[in-house]
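User: Could you walk me through this structure, sheet and aromatics included?

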Amino acid sequence: KEHSMIIRLWKGYHSPGLEQLVANAWDAKGQELLILCPPMLQDFSFLRSMPEGFLRLHGTWSDLERNEIAKHYAKGNPVVFRETPVLGVFTSGTLSSSPRLVLYSRRNVQASLDSIFGLFDKTKIEHVFCYPQAFHTFGLTLGYLSAHVFGWKLHTPEGKYGQASHAQRLALQEENVLTLGTPTHFFDLLSSAKNSATAIAPSYSCIMGGASVSRDLWSRVQSELKIAAPSIGYGCTEAAPGITHLPPGQAPEHDDEIGL
């Protein structure tokens, strides 16, 4: 149909071409819906509740998965949403142990990005180093989308998370860097920086999210990783992408102040 939406399903890890897929879905302003599927996703019944359109597969799919997808989307329900979705990610969230698809509109994400990055001095950000994968709302919205919307250069370690990811971060010597990661990513980066021949360069800020952060970790990130104004953010996927945030440079008053 002339006005049918293109629905793109992507599955995999950080990879070339993914940044452009996200940008294209955002810029299409409702003509495309990009759904970022985690590698272990096995239930494709969500396709029965998708808008009518043209299905396109990107990333890493097995023949078995392609067949399952074709069965679920064979006829497609002509669903109409109150707002046009442009992006989708999966979450087990806090209400269910089963992965659920959460859809975002442009307005939903833009409002979150404007609110969160209103706490930062955006003139001090030119590069975003993003540990979290794009199938997590953390990586997708605060990483891939913030870089596209605000015109920053995105850096992602290719493939699955591993030790090589930290070598890429340590090699980034620019000062105007925002580093995104979970507490585990920052603990591992601290260890890598301690044992690396490459000294970590001073940088502006970071967002630690996805789990609770201790005062000790915040302080070590500032002193040992030379990140001048660390920040802590916590969101749930349904909040796209945050529900509370400590401004950059403001230390938590106690452990787990955000994220508990």
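Predicted model: local features only at pLDDT ≥ 70, side-chain atom pairs only at ≥ 80, totals over all residues.

Analyst: Residues are numbered from 1 along each chain as its sequence is written, and side-chain values use heavy atoms, leaving out hydrogens and water.

User: Which strands stand at the edges of the open sheet?

Analyst: The open sheet has 6 strands in the order β7-β6-β8-β9-β10-β11, with mixed pairing. Strands here are DSSP runs of E, at least two residues, and helices are runs of H or I, at least four, numbered from the N terminus; two strands pair if DSSP finds at least two bridges between them. Two strands each have a single partner, so one side of each lacks a neighbour in the sheet: β7 (153–155) and β11 (244–246).

User: How are the rings of Phe117 and Phe150 arranged, stacked or edge-to-face?

Analyst: Rings of Phe, Tyr and Trp (its six-membered ring) pair with centres within 6.5 Å; planes under 30 degrees apart are stacked, over 60 edge-to-face, the rest tilted. These two have centres 5.5 Å apart and planes at 70°, so the pair is edge-to-face.

User: Is Phe150 buried or partly exposed?

Analyst: Buried means under 20% relative accessible area, exposed over 50%, partly exposed in between (1.4 Å probe, protein chains only). Phe117, at 0%, counts as buried. Phe150 has 24% relative accessibility, so the label is partly exposed.
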